[in-house]
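My entries follow the structure below.

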Amino acid sequence: MVVLPYTVAFLLLSCLQTVKIANSQSFLGINYGQVADNLPPPSSNAKLLQSTSIQKVRLYGSDPAIIKALANTGIGIVIGTANGDIPGLASDSNFTKSWINKNVLPFYPASNIILITVGNEVMTSNDQNLMNKLLPAMQNVQNALNDASLGGKIKVSTVHSMGVLKQSEPPSSGSFDPSYGDLMKGLLEFNSANGSPFAINTYPYFAYRSDTRPEILAFCLFQPNAGRMDGNTKIKYMNMFDAQVDAVYSALNSMGFKNVEIVVAETGWPFKGDDNDVGPSIENAKAYNGNLIAHLRSMVGTPLMPGKSVDTYLFALYDEDLKPGPGSERSPGIFKTDLTMVYDVGLSTSNQSPAASPQSSPTTTNTTNSTTTTTTTTSTTTSNNNSSTSTSTSTGTGTSTSTGTGTNTVTINISSSSDINKVYLIKIFNLGLLYGFTRLSLICLFFYYLQT
């Protein structure tokens, strides 16, 4: 009975930790591109982020003013090296050390830098020199962090496009393009050895651009649809996001790296574009981002990775008016540069309920010009990169028949209303759990003091 008070304390702490984890939204991040001339000052950005449930922000560079403004906010910061820096980082350890000394050490730990991304979509850039030097650059950045005693505190990775996959449909057959061969294997070995994530840009929006049927739009927007059956697993997928993420998981698993964490470095939907485009609209952008956030908050996970939400960085915080390419490339912002919302997806901490389902059917006409592609499974767009543009390819899975009402069919049906219910049920469950543990602890303490 001597250890009883310690047992009670352990139960209470465990319960509180459970509630904390359940209510945490550490999986929710946002991209902050800076290809614009009308952005708010860094201090305003920091205040805006603190007023939301966003817990992480990804920069495409390492702007010292932004990093400094985020000091003591607790917000996780992802900083990046430009593609053009990769040759120097790969060949010159002194250059790498200087980069860390300039962009990390003056700010950490007050500014919570959690990840350094070396380049953006290098493997699909068709630049063989950059591709060959990517892993040595990452290794040198890791070594420089180790030398600064930050090796276990700040992770190092790179960001890929969905174009690194050769196959993505069905999700269980996801596999990497074999042309990347040992290069991809080396990157995955690095991720595994250093506990760093496999970061990838997933865009259901691009998949819809390849196939603009209404049922594809509903599948991409997390709205009611017939779903797609994976004939191998007999799992019915109800949204494109889960299908893309699970295809990446399957690709990692096929190479023996299923334990490498997946991070969605970019995903989003533009709210406007050029006159001849199909897809971008306020309604569709709100539906995608709002339903995605609700899906993440539900903690349902994906069919192949259930029970947890992958870290996901929304694209993007603001529009970028100087970005080249079609109008949709300049119109991904969830917030305006005057710090008001373009549309409400429930990010404000004063209004934590997930965004409601769109009031009407998906909008299939409106806005964005796009670079048209001729492939059936991929579509091409310009990706956000501070130093250069690169090709981003998404999994535009074709029509998959939903024939498997047969044995062991698992249906994951995520709609906005069901996700809202799950969020509230989780909160109620945890409050009940806390209440129950508290009562149990008090009873234990009562009997303990009766015997002493």
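I took buried to mean under 20% relative accessible area, exposed over 50%, and partly exposed in between (1.4 Å probe, protein chains only). The model is predicted: local features need pLDDT of at least 70, side-chain atom pairs count only at pLDDT 80 or more, and totals for chains, interfaces and linings use all residues. Residues are numbered from 1 along each chain as its sequence is written, and side-chain values use heavy atoms, leaving out hydrogens and water.

Confidence. I read pLDDT as the predictor's confidence in each residue, from 0 to 100. The protein chain averages 83, and 72% of the residues score at least 70.

Most residues other than glycine have a negative phi, and most peptide bonds are trans. I found Glu-121 with a positive phi near 55°. Glu-121 counts as buried because its relative accessibility is 0%. Leu-339 also has a positive phi, near 75°, and counts as partly exposed at 32% relative accessibility. I noted a cis peptide bond between Glu-169 and Pro-170, with omega about -5°. Another cis bond runs from Phe-315 to Ala-316, with omega near 15°.

Helix H6. I used DSSP runs numbered from the N terminus for helices (H or I, at least four residues) and strands (E, at least two). I logged a kink of about 35° at Leu-134 in H6, shortly before Pro-136; the bend is the angle between axes fitted to the seven residues ending there and the seven starting there. Leu-134 is among the buried residues of H6. Just after H6, Ser-149 has a positive phi of about 60°.
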